[in-house]
Amino acid sequence: MIQNGFLVFVILTFLFSGCQKNLTEYSDIRIFMGTTVIIKVYSKDNNTAGKSVASAFDEIKRIEDIFSIYRNNSEISILNKKGSAEVSDEVRELIGRSKYFSEISEGAFDITVLPVIELWRNAKKKEKMPTQAEIENANKFTDYRNIIINEGKVSFLKKGMKADFGGIAKGYAVDRAVNILKKSGIKIGMVNAGGNIRCFGGKIWFIALQNPREKKDFVTILKLKNKSVATSGDYERFFSLDKKKISHIINPITGFSAEDSISSTIVTDTATDADALSTATFVLGAEKGIKLIEKYKNAECLIIDKERKIYKSPRFSEYE
Ligand code: AMP
Ligand code: MG
């Protein structure tokens, strides 16, 4: 499924410090991980820029191939099928990182929600609300504490558990792509995978946060330098059942889609952290979400609750 539009959009890109004036812009756009990926770099030589950007896209594809639950032979699909598997260091590390975000968010972020997501996907297909018993049954498999990492092996303690990296893998892919760009000599650039953005180098990027209920309007404009931003929202991917709006983000406590927020935006250092924390705070809602972010070093957030009220962490305004 391709996500239409962006939760954020990059609007102006002209604030360079003096010595970078001879650089020219190179950008390209592809579809990966069910979303639009834009890479923009500034370089003296278009040829080198083109090669670097192509390698960065290759890296995103490589990550998609590993973490996708839509590819039968991805490492994650194999783990989900077998319930226990030898995994690559990369998979083990991202599972470890995911568990960390589950711990600090007291389970609001939990990659083991896949059985619940599948239940809702089926409900959408059949256009029939699942029963409370069906929801509870699917949600029995949700518990990050039942993922055991033992050296190179990952095991699920309950048969039927499955993991979904939809809340963190795009951010991770953005970080990896930025790594590739930097390694190939690019000094200034930006990678945007469906609103999971990381920018790097001596340039300020102006990023407008779309108004979740008024697409042409924006909530604020962020000024970011060497930072990442991600937004989780209920307005890009959702469906209706019995006149109820069901979004793609699950509250692991209830097994229903998270209902407290319209959107949550995180600014922090890495795109992986921004991605996971935006999903976590979306589930937690404004009050608990901001409390979590206040404890987290170098992260700020802006949450819009379902009454459309805007809440910001204490130092969010430093980026506006
Ligand atoms: P995002 O758009 O980054 O907030 O991620 C949403 C995606 O993360 C969903 O489409 C699911 O694949 C997955 N997901 C849903 N609920 C959760 C949750 N509570 N914790 C972790 N991942 C989730
Ligand atoms: Mg996320």
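Helices (H or I, at least four residues) and strands (E, at least two) are DSSP runs, numbered from the N terminus. G167 and D275 are both buried, that is, under 20% relative accessible area, with exposed over 50% and partly exposed in between (1.4 Å probe, protein chains only).

The model is predicted: local features need pLDDT of at least 70, side-chain atom pairs count only at pLDDT 80 or more, and totals for chains, interfaces and linings use all residues. Residues are numbered from 1 along each chain as its sequence is written, chains are lettered from A and ligands numbered from 1 in the order in which they are written, and side-chain values use heavy atoms, leaving out hydrogens and water.

The mean pLDDT of the chain is 92, and 92% of its residues reach 70 or more. This score is the predictor's confidence in each residue, from 0 to 100. Over residues 1–6 pLDDT stays under 50. Where pLDDT is low, the predicted coordinates should not be read in detail.

Helix α3 (residues 89–104) has 16 residues. From first C-alpha to last it reaches 23 Å, close to the 22 Å expected at 1.5 Å a residue; the expected span is 1.5 Å times one less than the number of residues. Buried residues of α3 include V91, L94, I95 and F101. Their cover includes α1 (46–67), α2 (75–82), β5 (147–150), β6, α6 and α7. Just after α3, E106 takes a positive phi of about 50°.

N72 lies in the loop between α1 and α2. N72 counts as exposed because its relative accessibility is 59%. Beyond its neighbours within four places in sequence, N72 is in contact (heavy atoms within 4.5 Å) with S77, I78 and K81.

Strand β12 (residues 238–241) has F239 and L241 on a covered face, and F238 and S240 on an uncovered one. β12 pairs with β13 (residues 244–247) in the antiparallel sense over four bridges; pairing requires at least two bridges found by DSSP. F238 stands opposite S247 in β13. Two residues separate the strands of this hairpin, and D242 in the turn has a positive phi of about 45°.
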